[in-house]
There are 6 protein chains.
Amino acid sequence: MDDRFARGSELLNQIHAGGGDRLVAALADVAPDLARAIIEFGFGEIYTRPGLALRDRQIATVAALAALGTAQPQLIAHIEGALAVGVTRTEIIEIIMQMALYGGFPAAMNAADAARTAFAADDARTQGQSPAPGA
Amino acid sequence: MDDRFARGSELLNQIHAGGGDRLVAALADVAPDLARAIIEFGFGEIYTRPGLALRDRQIATVAALAALGTAQPQLIAHIEGALAVGVTRTEIIEIIMQMALYGGFPAAMNAADAARTAFAADDARTQGQSPAPGA
Amino acid sequence: MDDRFARGSELLNQIHAGGGDRLVAALADVAPDLARAIIEFGFGEIYTRPGLALRDRQIATVAALAALGTAQPQLIAHIEGALAVGVTRTEIIEIIMQMALYGGFPAAMNAADAARTAFAADDARTQGQSPAPGA
Amino acid sequence: MDDRFARGSELLNQIHAGGGDRLVAALADVAPDLARAIIEFGFGEIYTRPGLALRDRQIATVAALAALGTAQPQLIAHIEGALAVGVTRTEIIEIIMQMALYGGFPAAMNAADAARTAFAADDARTQGQSPAPGA
Amino acid sequence: MDDRFARGSELLNQIHAGGGDRLVAALADVAPDLARAIIEFGFGEIYTRPGLALRDRQIATVAALAALGTAQPQLIAHIEGALAVGVTRTEIIEIIMQMALYGGFPAAMNAADAARTAFAADDARTQGQSPAPGA
Amino acid sequence: MDDRFARGSELLNQIHAGGGDRLVAALADVAPDLARAIIEFGFGEIYTRPGLALRDRQIATVAALAALGTAQPQLIAHIEGALAVGVTRTEIIEIIMQMALYGGFPAAMNAADAARTAFAADDARTQGQSPAPGA
């Protein structure tokens with residue numbers, strides 16, 4: 001059990017330098033065991049399985065959340081996570097455009113809004129990490 | 001316009017050696033313009049865009065249809081399509097397991113049923129193409 | 001109360017010469033009060049309200065069920081109902097194609113399947129009613 | 001008819017000391033007949049039926065709205081309603097965690113947010129009702 | 001191609017004097033090709049097809065988005081669009097009430113909120129256009 | 001880990017004397033780790049948590065699956081499971097009728113079909129267990 005939590009936390013921090021761990025932390029007051037289940041089961045058991053590259057896992061999750069259209073905060077966090085494991089902004093927008101075919105155009109439009117938010121957070125973090133003038 | 005249709009048909013045949021073109025053909029009697037829109041817009045305009053590899057596009061679509069849980073025939077066709085562009089069976093099952101996190105376990109269970117059907121169709125096609133004894 | 005049931009039944013029979021009343025009747029063994037609620041509230045209170053023409057009501061319902069993608073038997077019944085109140089087959093296919101924009105292409109494809117079934121039922125009923133040769 | 005409205009209003013006030021009746025009242029300007037249908041049919045005809053305890057009805061509704069993930073204001077109101085008929089906060093969080101299995105983890109996370117809001121409203125109401133020092 | 005864009009833009013401006021074109025324009029920074037696909041394919045190819053009146057198309061879209069419950073900004077825009085092509089406020093509220101039967105009451109309640117916003121935008125626009133005293 | 005599997009299997013067999021374990025077993029060929037995750041995490045970690053009675057858990061799941069409308073086989077299995085832990089047939093039908101308010105009437109109609117199937121399976125099992133004449 002401990003092992004799952006440690007593995008899950010490590011992966012969560014790798015993927016979601018930005019919003020994801022804060023999302024989970026935000027559950028600590030009202031549903032701490034839900035936060036732990038996300039880390040232990042979601043990240044520690046599922047995302048860490050061999051057989052699918054982390055980059056492909058983030059493509060899959062961004063696609064699914066964009067098509068479902070019911071999980072805007074989590075979509076934002078996973079777009080940031082996709083950027084963190086090497087999916088490019090162009091690829092993310094392509095995934096979102098493609099999801100218009102499966103979840104409809106309004107879902108794709110709202111996912112593009114999520115991408116704008118995630119890209120801005122990524123800009124802010126990148127700029128925060130590179131204090132050199134002109135960076 | 002012609003160009004979109006030609007490009008879309010070519011891609012559709014590449015991806016869906018199996019079920020996809022039959023799905024579209026099946027619409028010819030009742031909604032031929034819907035079939036054409038899928039080929040022209042879906043495949044000719046969206047799937048053929050640069051910026052996202054075809055393999056990644058199929059990962060995204062399999063993930064979305066598995067999570068949505070409302071498009072079993074199309075999920076089967078796109079799992080076959082994913083196999084056709086190099087996604088492995090292991091990777092498909094991993095995508096489906098991961099979708100339990102976003103669409104719930106029943107959706108993942110039903111997507112695993114779709115995978116079974118698609119894998120069997122893929123087996124049948126492969127065996128049909130390799131009549132050599134012991135193949 | 002009686003009034004709602006009578007009004008609802010009359011409308012249900014008008015709209016669904018075909019499948020709708022059978023769908024409701026099919027509930028009689030397991031959930032008779034659900035069947036009655038559909039007739040009394042759904043048809044007797046909502047569909048019979050003034051302010052929206054019956055033709056427009058059927059357009060709305062066919063559109064919604066096509067986009068939702070989770071109610072294939074009811075979609076078939078309401079396509080038959082739409083034909084019964086004067087929506088043409090061409091209009092139904094247009095509604096379904098348009099729903100690709102809001103529920104995605106797989107939902108539209110499956111709705112086109114529903115239309116095929118409903119059109120065939122309508123053909124069968126029309127032919128049954130017109131035994132004259134060459135009709 | 002009057003009877004349904006009276007019964008529904010009474011039950012609505014019993015369940016939703018807090019937000020529910022305000023939600024319905026909020027519809028009065030734009031869709032008063034929708035507000036009335038919710039009271040008459042939803043509460044006056046369905047929730048007041050014998051055969052299922054009010055506590056069980058609220059468990060069912062909180063579960064469904066958490067899994068659907070498309071009705072955050074109504075989920076908040078029904079969590080308050082569940083508390084009002086004796087479902088404990090622990091039970092509500094358990095229901096929400098369990099819904100991760102059926103609606104996915106993002107739906108459960110967003111439902112936990114709804115629970116936080118409902119619990120705070122319940123705290124505010126309880127404190128307002130108990131002016132005794134140290135209560 | 002140019003033709004589709006011109007036709008789609010013209011229709012978009014006709015329908016969405018208000019919010020729709022701004023919604024599309026809002027995508028220009030993050031997903032300009034998605035904005036173009038909506039105009040070219042959605043409006044230039046689908047909405048401009050013969051076979052279904054524009055008024056009926058807006059009824060269908062308002063119904064679908066109300067029932068889906070996942071596209072509030074687009075629902076607001078399409079309610080404004082429905083008003084622009086002659087659907088009355090009464091008819092829109094009837095469509096929304098009817099959608100309670102197919103998407104549930106919370107979806108209808110949230111759609112009524114969208115209608116309130118759209119009606120207010122329509123009021124503001126109408127008042128801006130009629131400065132005459134007492135108008 | 002072993003512990004979770006043992007606990008989950010025991011509970012699964014208690015709840016789903018009928019269809020549930022067969023559903024999971026059916027995944028063994030194509031997605032055995034998904035079957036194990038359902039047992040270990042779903043039943044071994046979530047359903048076995050204290051804080052919510054098993055009867056209430058089944059009410060919650062039947063409600064959610066009825067409202068979602070995308071998991072008919074799992075709904076049938078969980079209705080059987082609800083019967084196994086003491087929810088009555090009347091209560092199940094009440095839950096389903098109530099879900100018309102949240103998932104729409106077609107979802108409730110299809111859930112009533114699921115109930116008919118589950119009740120018949122329950123009849124068959126009960127009759128098989130009580131061969132005494134007149135039982």
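Analyst: Start where two chains meet: helix 6 of chain A passes helix 4 of chain B in a right-handed crossing. Keep in mind that this is a predicted model.
User: At what angle do helix 6 of chain A and helix 4 of chain B cross, and how far apart are the axes?
Analyst: They cross at roughly 45°. The axes of helix 6 (residues 89-103) of chain A and helix 4 of chain B come within 10 Å. That angle makes helix 6 of chain A oblique to helix 4 of chain B.
User: Which residues of helix 6 of chain A meet helix 4 of chain B?
Analyst: From helix 6 of chain A, they are E91(A), I95(A), Q98(A), M99(A), Y102(A) and G103(A).
User: What about helix 4 of chain A and helix 4 of chain B, at what angle do they pack?
Analyst: About 50°, with their axes 8 Å apart. Both helices span residues 54-68. So helix 4 of chain A is oblique to helix 4 of chain B. The crossing of these two helices is right-handed.
User: Which residues meet there?
Analyst: Helix 4 of chain A brings D56(A), I59(A), A60(A), A63(A), A64(A), A67(A) and L68(A). Helix 4 of chain B brings D56(B), I59(B), A60(B), A63(B), A64(B), A67(B) and L68(B).
User: New topic. How is chain A divided into domains?
Analyst: Domain 1 of chain A covers 1-49, and domain 2 covers 53-129. Their centres, taken over C-alpha atoms, are separated by 19 Å.
User: Now chains C and E. How many residues are in contact?
Analyst: 25 residues of chain C touch 25 residues of chain E. On the chain C side, helix 3 (32-47), helix 4 (54-68) and helix 6 (89-103) are the elements that give two or more residues. By class, that side of chain C has 14 nonpolar, six polar and five charged residues.
User: What rotation superposes chain C on chain E?
Analyst: A rotation of 180°, with 0.0 Å of shift along its axis and an RMSD of 0.0 Å. That is the relation of a two-fold axis.
User: Which C-alpha in chain C is nearest the axis?
Analyst: That of A64(C), 2.1 Å from the axis. The same surface serves both copies, as 100% of the contact residues of chain C recur in chain E.
User: Last stop, chain D. At what angle do helix 4 and helix 5 of chain D pack?
Analyst: Helix 4 (residues 54-68) of chain D and helix 5 (residues 72-84) of chain D pack at about 155°, with their axes 9 Å apart. That makes helix 4 of chain D roughly antiparallel to helix 5 of chain D.
User: Is the crossing of helix 4 and helix 5 of chain D left-handed or right-handed?
Analyst: Helix 4 of chain D passes helix 5 of chain D in a left-handed crossing.
User: Which residues make that contact?
Analyst: Q58(D), I59(D), T61(D), V62(D), L65(D) and A66(D) come from helix 4 of chain D. They meet Q74(D), L75(D), H78(D), I79(D), G81(D) and A82(D) in helix 5 of chain D. The contact of these two helices has seven nonpolar, five polar and no charged residues.

Definitions and conventions
Residues numbered from 1 in each chain as written. Chains lettered and ligands numbered in written order. Predicted model: local features only at pLDDT ≥ 70, side-chain atom pairs only at ≥ 80, totals over all residues. Axes fitted to C-alpha atoms, helices over the stretch in contact; angles between N-to-C directions. Helix = DSSP H or I, 4+ residues; strand = E, 2+ residues; numbered from the N terminus. Parallel < 35°, antiparallel > 145°, perpendicular 65-115°, else oblique. Left-handed = near helix turned anticlockwise from the far one by under 90°. Contact = placed C-beta atoms within 7 Å. Domains from an automatic or database assignment. Nonpolar A, V, L, I, M, F, W, Y, C, P; charged D, E, K, R; others polar. Least-squares fit on C-alpha atoms with pLDDT ≥ 70 in both.
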